Amino acid sequence: MPLSVEDTLAIVSLSNAQMRSLDDHDVDAWVAAWVPDGTFIATYGTFAGHAEIRAFIDGHIAAGKEDGARHLMTNYVVDGDGDRATITCAVTKLQVEKPPFIIASGIYRDVVVRTDEGWRFESRQLDIDRGVFARAELAAAEIDGEAGVNA
């Protein structure tokens, strides 16, 4: 049986609410979006279970990686039936406390399952677009070039 409209909306809401909790630095809500043995996979590594996921996001926030950030989630495709579904969506991370700019963009590829508490991530994979790394490499090259000129 295909997913109902209500299930599809609940799944999209799970994804959007999790990103809002990240923007608000609400670690408890961000971690609660996963099943207890869920997995987060990203450029930063693979984190399994609530304890590892929490340790990652605590460190990420403490390092300032989410300061002034706002995540925009778009282009959802939700497919599934019964108690399991896959989601693909685009994410754009903006800096909004300084003059606005795009920090990064990417694609989430997720598997969600129905639980007694509602839909939760079984796995969430973030594939960050190459552009964010190219910008960092360009900035590093410019700094190196300036150092050579000033030497």
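The model is a predicted one, so to speak of local features a pLDDT of at least 70 is needed, side-chain atom pairs count only at pLDDT 80 or more, and totals for chains, interfaces and linings use all residues. Residues are numbered from 1 along each chain as its sequence is written, and side-chain values use heavy atoms, with hydrogens and water left out.

Six strands make up an open sheet, in the order β2-β1-β6-β5-β4-β3, and the pairing is mixed. Helices (H or I, at least four residues) and strands (E, at least two) are DSSP runs, numbered from the N terminus, and two strands pair if DSSP finds at least two bridges between them. In general, strands of a sheet pair through backbone hydrogen bonds, either parallel or antiparallel. At the edges stand β2 (45–48) and β3 (69–81); each has a single partner strand, so one side of each is left without a neighbour in the sheet. On average, neighbouring strands of this sheet are turned by 15° against each other, direction ignored. Strand β1 (residues 34–42) and β6 run parallel and are joined by four bridges, with Ile41 standing opposite Gln125 in β6.

Two helices pack on this sheet. Helix α1 (residues 5–23) touches β1, β3, β4 (84–95), β5 and β6, and its direction makes about 155° with that of β3. Helix α3 touches β1, β2 and β4, and its direction makes about 45° with that of β1. Here contact means heavy atoms within 4.5 Å, while axes are lines fitted to C-alpha atoms, for helices over the stretch in contact, with angles running from 0 to 180 degrees between N-to-C directions.

What about the inside? The largest nonpolar core has 32 residues, and those with the most contacts inside it are Trp30, Phe40, Ile57, Tyr108 and Val112. At least two residues of this core come from each of α1, α2, β1, α3, β3, β4, β5 and β6. Such a core is a set of buried Ala, Val, Leu, Ile, Met, Phe, Trp, Tyr and Cys residues joined through side-chain atoms within 4.5 Å; buried means under 20% relative accessible area, exposed over 50%, and partly exposed in between (1.4 Å probe, protein chains only). Not counting residues up to four places away in sequence, Val112 touches a list of residues including Ile11, Leu14, Ile87, Trp119 and Phe121.

Aromatic rings come next, with eight aromatic pairs in the structure. Rings of Phe, Tyr and Trp (its six-membered ring) pair if their centres lie within 6.5 Å; planes under 30 degrees apart count as stacked, over 60 as edge-to-face and the rest as tilted. Trp30 and Phe40 form an edge-to-face pair, at 5.6 Å centre to centre and with 85° between the planes. Trp30 sits in helix α2 and Phe40 in strand β1, so the pair ties together parts that are ten residues apart in sequence. Both Trp30 and Phe40 are buried. Phe40 also pairs with Phe47: the ring centres are 6.4 Å apart and the planes at 25°, so this pair is stacked. Phe47 is buried too, with a relative accessible area of 15%. One aromatic cluster takes in Trp30, Trp34, Phe40, Tyr44, Phe47, Phe56 and Phe121.

Finally, the charges. Seven salt bridges turn up in a search of the whole structure, each being a side-chain nitrogen of Lys or Arg within 4 Å of a carboxyl oxygen of Asp or Glu. One of them joins the side chains of Arg54 and Asp28 (2.9 Å, N to O). Arg54 lies in helix α3 (residues 49–62) and Asp28 in helix α2 (residues 27–32), so the pair ties together parts 26 residues apart in sequence. Arg54 is partly exposed at 30% relative accessible area, whereas Asp28 is exposed at 51%.

Arg109 bridges to Asp127, with the closest N and O atoms 2.6 Å apart; Arg109 is in strand β5 and Asp127 in strand β6 (residues 118–128), 18 residues apart. The side chains of Asp110 and Arg124 also meet in a salt bridge (3.0 Å, N to O), again from β5 to β6, 14 residues apart. Asp110 is buried at 2% relative accessible area, and Arg124 is buried at 0%. Salt bridges that share partners join Asp7, Asp83 and Arg114 into one network.
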